[in-house]
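Please walk me through this structure.

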Amino acid sequence: MPADLDRLLARQCGVVARRQLVGLGVDADRVRDQVRARRWVVVTPRVVATVTGPLSEAQRRWVAVLHAGPRSMLGGLSAAARAGLQGWDRGEVTVWVEGDLSFEPVEGVRFFRTARPADLVAHPSSEPPRARLEPAVLLWAAYEAPPRAAVGVLAATVQQRLTTAPRLLEWTDRLRPLRRSPLFRSILADVGAGTHSAAERDVLRLCRRHALADPHRQRRRPDRDGTTRWTDCEWDLPDGTVLMLEVDGALHLDATTWTADKRRARRLAGPGRIQLSCTALELRTEPHEVALDLVALGVPGRTASCA
């Protein structure tokens, strides 16, 4: 085999497109001979593997991109996984294609035609070709993910130190128009700067929209160990019970933070105190559900002094 082919195969994990073989002088007859000798395997009508046996994850990615052609790249969660994102694998390969999708489907691969210029979103040096992390996760969050997963993946990229909230905000602007961009900007502001002030605004907005009494905010309370804590929101109910509501922002999706939050909630609980929590996403997208729960637990309506 030509030395150039050996180098190409080493780079592409033993996977090669037929168009690449033709460019290196390896014609269809030679490919057929190798397949008949069981040294090579036809993986798709456009791609050949020069190894036998099950394909590795890296080889599956190469097959997907090579099958789609030279103006294609890994996109969505596949690109994010290649960039190092952990815990979001969906078991299939996503490929973005700039151009025509009139080629054969491939099992385990999802092909999407993208209107975003490849020169804008493509990583400059990745192999196999992939989108940059920020457009990969933002476009997946905008057009494929349910709202909670959309927020979760953006938070995860920051928590895993693969990018920053300002960088994602910058790409939110660069990808205009982008579905859900107001939600993304709001959540990323929380991720980048903390959630207290945003949570307070959202709870006040909820109370005024649903005619509920305003809560006491940032109340000082000692926990079981005597450590001073500050609660997000509290209501003094007519029967003397105190209802406490903590708002978890996007950063609270991290397992370590989540564990600390639960420990804190236990230590603040006690006789006559009800401890609740909700997410910042719920306050933005489903405030009526939170309001119904507050009413069911006895939060009073607004009075003239609350108007």
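Which residues in helix 7 meet which residues in helix 9? Glu134, Pro135, Val137 and Leu138 of helix 7 meet Arg167, Leu168, Trp171 and Thr172 of helix 9, where contact means heavy atoms within 4.5 Å. This is a predicted model, in which local features need pLDDT of at least 70, side-chain atom pairs count only at pLDDT 80 or more, and totals for chains, interfaces and linings use all residues. Residues are numbered from 1 along each chain as its sequence is written, and side-chain values use heavy atoms, with hydrogens and water left out.

Helix 7 spans residues 133–143, and helix 9 spans residues 165–174. Helices (H or I, at least four residues) and strands (E, at least two) are DSSP runs, numbered from the N terminus. Two packed helices are described by the angle between their axes and the distance between the axes. The axes of helix 7 and helix 9 come within 10 Å and cross at roughly 65°. Axes here are lines fitted to C-alpha atoms, for helices over the stretch in contact, and angles run from 0 to 180 degrees between N-to-C directions. Helix 7 and helix 9 are therefore roughly perpendicular. Angles under 35 degrees count as roughly parallel, over 145 as roughly antiparallel, 65 to 115 as roughly perpendicular and the rest as oblique.

From helix 7, Leu133, Val137, Leu138, Trp140 and Ala141 take part. They meet Ala149, Ala150, Val153, Leu154 and Thr157 of helix 8.

Four strands form an open sheet in the order 7-8-9-10, with mixed pairing. Strands 7 and 10 stand at the edges with a single partner strand each, so one side of each has no neighbour in the sheet. Neighbouring strands are turned by 45° against each other on average, direction ignored. Two strands pair if DSSP finds at least two bridges between them.

Strand 7 (residues 216–222) pairs with strand 8 in the antiparallel sense over six bridges. Here Arg220 has Trp230 as its bridge partner. Strand 8 (residues 228–236) runs antiparallel to strand 9, joined by four bridges. Asp236 stands opposite Val242. Strand 9 then pairs with strand 10 (residues 273–279) in the parallel sense over seven bridges. Glu246 has Ser277 as its bridge partner there.

How many residues of strand 9 are buried? Seven of the seven are, so strand 9 (residues 242–248) is largely enclosed by the rest of the structure. Buried means under 20% relative accessible area, exposed over 50%, partly exposed in between (1.4 Å probe, protein chains only). Val242, Met244, Glu246 and Asp248 point one way, and Leu243, Leu245 and Val247 point the other.

Arg221 in strand 7 is also buried, at a relative accessible area of 17%. Its contacts include Val242, Met244 and Arg273.

Conventions
Lists of a residue's contacts leave out its neighbours within four places in sequence.
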